[in-house]
Amino acid sequence: MTTDELSTVLGHTDLAIAAIDEPDRAAWVFARCWARVVRFQHLEGDEQDLDRAFADVQSLPPDFPGRAKLAAAAVAAALQRGRLRTRERLLAARELTAIADADPVPLSAWPKTSAAVRAMALVSAAQHGEPGFHFDGAVAEAERLASAASGEEPYSTIADMALTTLRQQRSMANRDAGGAKGAAEELRDKRFAVGGADVMGVMAEFQASLLRLDTRRMVELWPQLAALADHPALPASTRAGLAEMLRSVAPFFTMLREGHDADPGGLGMMADPELIKVLVDSPLLADQPGLSTPEWALRAFTAATGQLALGTPEAIDRAITMLSEILERVDPHDARMGLYLTSLGAAIIDRHVRSGDREDLRRGIAVLERARDVVGSVTSAYWHMVAVPLAAAYRMSGRADLGHDTALSGLRAHCWNALVQADPVAVHAAARAAAGDALDAAHACLADHDPDRAVTALESGRGLILFSALERRDIERRLADAGKPALAQHWKRAVAFNPAEIPEDLRRQVMSELTGVPLVPGSQPGRPVGGPARLIDPPALPEVRAALGALGADALVYLLPGEQGTGAAVVVPAEDEASRYFLPDLTAAPLARFEDFLARSLRVAERDADADFESATTGDLTELCEWAWDVAIGPLLEHLPDDTKRIVLVPIGELARIPWHAALDRRTGEHAVERVAFSYTPSARLMCETAWRKRVAPGGHALVVADPDTKGTQRELVAARAEGLAVAALYPRARLVGRAPDGSAASGGRGTRADVAGWLGTAELGSTLHLACHGVVSYDADSSSYLLLADGDRLAAEELTAALTTSPGRDVALAVLAACRSGESGRGHDEAFSIGSAVLAANVRTVVSAQWNVPDAATSVLMFMFHHYLRAEGMPAADALRAAQLWALRDRTPPASMPWALRNHLTRHDVGAVEAWAGFTHAGQ
C-alpha cells in the first residue's frame, strides 16, 4: 500500500469514527492508530502521525483488547526513528510504556524497548527537576535498565548513554568536578551512534569544564560544538536545533575566547553590554509556555544572571524582580534554593552599594542569612557562595568582626569542597580559587586593623594549596592505604564506571575516614587529623609563636601583593602581638623583568654555561634585588626590632619566586642576608609541624648524587661531579652515586632511580641527602615535577614524598636539592608546588633548594662551603647556608679542605655574583 492509499483509508476511518457512538468507536480508533503507526514508521509519515497515534492509544478504554501491544508498537516506532527528543513526546511515551509493561504476554523486543524509553525518561526527569526525583534512586534504576537493554541495538546504547549522562548530571549537582570530567570523558569515549550522542558528550565535557573553571578547555570545545552542527550522522532536526543554539550564543563565546586570550585562566566576562544582551534576549531563555516550574526557574535564573552582568541600575532591578519571582514559585525544598537565595541577596547588596539605600542592606543581609540556613554547613558546595557577599554586607553594616568570621567560614568551605573532589586537577583548581579569596579576605581584615584574622585567612588558602600539591591519590587508594579495604571496595562498587556515582551517606562516610572528622548533615565539621588533609587547618597564633621560639626565629612574615597601595606585610613576632605594615609599592607588576631573567637562565645556565649565565642575567637580577629592598625588605626591617636575627617568610602568590634574602640596599651595597637570617615556609601550619619534629643530627651516613648519566636527555653537569666527590668526603660513611670527575660511574653506583629510592626507603642508610643533578619543573596540573637520574629515568616529587613517609623509622635530617629549579613552583607561582616544599611536608627536617637554573661551577663551590660549615663548624643548616652565602659575598678564602677542582672554579668564576648564591633557600629546622 502506498502513502496516498493509506491516507485515503485514514480519511475514511476518521469519517467513520465521527459517525459512530461508543462503545463501537473504540475498535475504529484502534484501527486508525495502527494505520498511523504504519504510515509513520514504514511510509515516512510525519511526526503528527506519531503524536496522533499516541493520543489514540491513550483514548482507548484501559481494558480494550490489544491496547498494550498497540502502545508498544507506537513507542517502538518513535524510538527506532529517533523521535523522542521533545519532553512532551517523551512524557507521552513514558505513559504508553507503562501501558505496554502491563501486557502479560509482551512482544519479544518489548522489554528492551521499555528499558531504553524508561532510561531516557530518567534523564529528562533529572534535567527538568521533576518532583520527588533523586539521583541515587535514578542511577540505581538506570543501572538495572542498562542491564535489561544490553545485547541489542539501539536499546543497549540508549540505556547505556542515559546511565552515563545521569552520572555526569549527578556529579554536576554535587559539584564534583572530577566526577563530571570522568563522566564527560566516558560519554565522549563511547561514541554513541544514535540520537546525537556525540553532541551530548561534547556538551557534558563543556559543562564539566565550566564547573572546573577550565576556560581554556571551554574555548577549545567551542569549535567541536560548531562542527557537530553539520555532522551528517545527526538527524536534520537535531542539527538545526544545535545550529540555532550556536547562533544565539556565538557572540558570548567570541567574547569568552577573546577574554581568555587577554586573561588566560579567567573568563574575561561581560565587558560589552551589547554582548551581555544576547544572553538576556536569547530565545532559549524566553518564558515559553508549558515549561515545568524547575525548568522555568533555571531559565529565568540564567536570564537574571545576564541582567546582573549588564550592571545598569535598571538591569539590577529587573534581576531582583526575576529572582524574587523564582523564589515565590519554586518548591521550598528545591535543590537550587540556596543558589537562588544567594543570588538574590547578593543582587540586593549590589544595589545598596550603588544607591546607599539602607533598607536594601537590611533586606540583603536577611536574604543571605536565610540562604546560609538553607545551605546548612561549610561542607556544602554553596556555603562559600553565601559567605562572600554576606561577609561584605556585615562589614558594610558596621559589624566588621562578624564579617571577617563569615569570610573565614567561606574559606573553610573552599577546603571541604576541595577535599571531596576525586580528580587532583579539580582539587588544584579549587586551591587556586581559594588562594585568591584568601588574599581578598586578608586584605579586608588588614583594612579593619585585624591582623590576627588576616593570618587565619591567609593560612586557609596556604593549607589548601599544600593539600592539593601533596595529595595525588584517588579516594579508593587513599582508603586502602588508611586500612579501610572494605570501605574501599564499597566505594569501588558504588562508583561503577567513574567516581561521580557516590551516594551522599557513603560520601560523608568516606570523607570522615579520610580526614578523621565526623561529617553529619547540617553540622559544622571539626579539624581534619592525619594525612595531607591535616594541612588545611590554620594554626592558632599561640602555636605559631611557640613554633617560632622552637626554631630560634624572631618573627613569621607574610608578604602580600596588592594593587593601588594595598601591598602589605603581616608580622607575627615570637613574643608579641601580630601587626601589619602597608607596603604600597609591593605589587606583581615589576616581576616581568624577573621572568626575563628566568627565561634566560633556563636557556643559558643548566649549571654548565657559567660565563654566559653571568653576562646574560646580572643586570635583571640586580635591578630586581634593589626593587625587593625598596618595596618590602627595607621598610620591613625598619619596623622590626633592632635585635631581630632571623625571620621566616611566607611570600604569597607570585611573590614566592623572589629571592627576598638577596634584596639589595643600593645606599650601602648590602644584601638583606647580611643583616638578618632568612628562612622560607609555604605555610605556618607546615612551619609548626616542622618545629615539633624530633631533632635529627646530620650524621656520617649520607647519600650524594652527582650528575647521573641521563643518556643525552640533559646537558652534563661537569662541576657537579667534583662537588659530589668533595661533599661525600665530609661524611665518613657517605655513598656517592652518579659520576666521578672523570666521567666514570661513581663508587656507589650510577645514580639510578633504584639507588635513590632504595636509600630513601631504608632507615639504616643515613639522615643526609645531597642531590647535584637536574630538576625538571612541570607546569601541567596533571603531572609532577621530577628529578632526572641515570638513563634518563624520572623520580617524581610524589615518589620522593611517598618513600619518605611510608618507611618506618625513616628520619631524614637534611635534604639538599642542589638540582636546578628544585624550589621553583610548577603549577602556578606558588612555592607550595615545588619539589622542595613537597619533601619538607614529608617529614624531612630541613630542606635547601634552588629557585632557578643555577650556574654549575659557582654552585659547586657554594654547596661545598655549606657542608663545610655544617660539618666542620657544627652550624645548624640554616646558619650554614647563610654562612656560605656571606662567604661568597665577603670573603671567598677557601678552607684547607676545599679540593683543587673547586678552588679552580673559585678563581675562574664570580661566586659572589647574586645569581650564583641567591637562588638557594632554607626551609624547616
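Visitor: Which two helices pack at an angle of about 10 degrees?
Guide: Helix 29 (residues 718-729) and helix 33 (residues 856-871) do, and their axes are 8 Å apart. Axes here are lines fitted to C-alpha atoms, for helices over the stretch in contact, with angles from 0 to 180 degrees between N-to-C directions. Helices (H or I, at least four residues) and strands (E, at least two) are DSSP runs, numbered from the N terminus.

Visitor: Roughly parallel or roughly antiparallel, then?
Guide: Helix 29 and helix 33 are roughly parallel; that label goes to angles under 35 degrees, while over 145 is roughly antiparallel, 65 to 115 roughly perpendicular and the rest oblique.

Visitor: Which residues make the contact?
Guide: On helix 29, Val718, Ala719, Ala720, Glu723, Ala726 and Val727 make it; on helix 33, they include Met863, Phe864 and His867. Contact means heavy atoms within 4.5 Å.

Visitor: Before we go on, what kind of model is this?
Guide: It's a predicted model, where local features need pLDDT of at least 70 and side-chain atom pairs count only at pLDDT 80 or more, while totals for chains, interfaces and linings use all residues. Residues are numbered from 1 along each chain as its sequence is written, and side-chain values use heavy atoms, with hydrogens and water left out.

Visitor: OK, big picture: how many helices and strands are in the protein chain?
Guide: The protein chain has 36 helices and 16 strands. Of its 925 residues, 57% are buried, where buried means under 20% relative accessible area, exposed over 50% and partly exposed in between (1.4 Å probe, protein chains only).

Visitor: Which residues of helix 15 are buried?
Guide: Ala315, Ile316, Ala319, Ile320, Leu323, Ser324, Ile326 and Leu327. Their cover includes helix 14 (293-310), helix 16 (337-355) and helix 17 (358-375).

Visitor: And threonine 97, buried or exposed?
Guide: Threonine 97 counts as buried because its relative accessibility is 0%. This residue sits in helix 5 (residues 87-101). Apart from neighbours within four places in sequence, threonine 97 contacts Val75, Trp110, Ser114, Val117 and Arg118.

Visitor: Switching topic, where is aspartate 554?
Guide: In the loop between helix 25 (541-551) and strand 1 (555-560). At 30% relative accessibility, aspartate 554 counts as partly exposed.

Visitor: What does aspartate 554 touch?
Guide: Pro573, Ala574, Asp643, Thr644, Lys645 and Arg646, leaving out residues up to four places away in sequence. A polar atom of the aspartate 554 side chain lies 2.6 Å from the backbone nitrogen of lysine 645.

Definitions and conventions. Polar contact = N/O pair within 3.5 Å; in protein donor to acceptor, adjacent residues only side chain to side chain.
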